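Work through the two exercises below with the model open. Each task is followed by a stepwise solution.

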Amino acid sequence: MLAWLCAGGAGVWHPAAGARAGTGAVPAGGAAQSGGTVADGVFTPDQVARGERTFREVCAACHDTVEFSGGRFRFTWVGLTAGDLFDTISTLMPEGDPGSLSPAQYAAVVAYLFDLNGYPAGETPLPTNLSALQALEIVEAP
């Protein structure tokens, strides 16, 4: 279930109804399964480049990166999982045609958002499998 939050005057979709974003509280069913965190280098620089290109081509018509970085990102996503972010984006975006990108494109956009927020890249691409992504907790950036 999704909840609508208002952060800094802009509406933000949040996947954890009942959990307050940014508090580290993980909603039931959304907890990471000891698979690590997004601070562990869980995406590649090449994936970030593909995600940036997809963001510019598809997302930038309606969104600015400031919506997905800094305090807004931390408030909305810290304490949730990469799977929560991936699932939210892939089921709601792009507006008017949700789910129209490939899983690899959605994962690349998520990798780009992690890069925007200072998480380190690694040598293994961010997976496209939702259960694997659910095992990666979003923590404060290093």
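A crossing is left-handed if the near helix is turned anticlockwise from the far one by less than a right angle, and right-handed if clockwise. The model used here is predicted.

**Exercise 1.** Describe how helix 3 and helix 4 pack, and state which residues meet.

Solution. 
1. Take the geometry: helix 3 (residues 82-92) and helix 4 (residues 103-116) have axes 10 Å apart, at an angle of about 125°.
2. Classify the angle. Roughly perpendicular covers 65 to 115 degrees and roughly antiparallel begins over 145, and helix 3 and helix 4 are therefore oblique to each other.
3. Assign the hand: the crossing of helix 3 past helix 4 is right-handed.
4. List the contact. From helix 3 come A82, L85, F86, I89 and S90; they meet P103, Y106, A107, V110, L113 and F114 of helix 4.
5. Sort these residues by type: 10 are nonpolar, 1 is polar and none is charged.

**Exercise 2.** Classify the aromatic pairs that F114 forms with F43 and with F73.

Solution. 
1. The model has 7 aromatic pairs in its count.
2. For F43 and F114, the centres are 6.3 Å apart and the planes 35° apart, and the pair is tilted.
3. Locate this pair: F43 is in the loop between strand 2 (10-14) and helix 1 (45-59), F114 is in helix 4, and 71 residues separate them.
4. For F73 and F114, the centre-to-centre distance is 6.3 Å, the planes are at 85°, and the pair is edge-to-face.
5. Locate this one too: F73 belongs to helix 2 (residues 70-77), 41 residues from F114 in helix 4.
6. Check burial: F43 and F114 are both buried, and F73 is buried too.

Terms used
Residues are numbered from 1 along each chain as its sequence is written. This is a predicted model: local features need pLDDT of at least 70, side-chain atom pairs count only at pLDDT 80 or more; totals for chains, interfaces and linings use all residues. Side-chain values use heavy atoms; hydrogens and water are left out. Axes are lines fitted to C-alpha atoms, for helices over the stretch in contact, and angles run from 0 to 180 degrees between N-to-C directions. Helices (H or I, at least four residues) and strands (E, at least two) are DSSP runs, numbered from the N terminus. Angles under 35 degrees count as roughly parallel, over 145 as roughly antiparallel, 65 to 115 as roughly perpendicular and the rest as oblique. Contact means heavy atoms within 4.5 Å. Ala, Val, Leu, Ile, Met, Phe, Trp, Tyr, Cys and Pro count as nonpolar, Asp, Glu, Lys and Arg as charged, and the others, Gly among them, as polar. Rings of Phe, Tyr and Trp (its six-membered ring) pair if their centres lie within 6.5 Å; planes under 30 degrees apart count as stacked, over 60 as edge-to-face and the rest as tilted. Buried means under 20% relative accessible area, exposed over 50%, partly exposed in between (1.4 Å probe, protein chains only).
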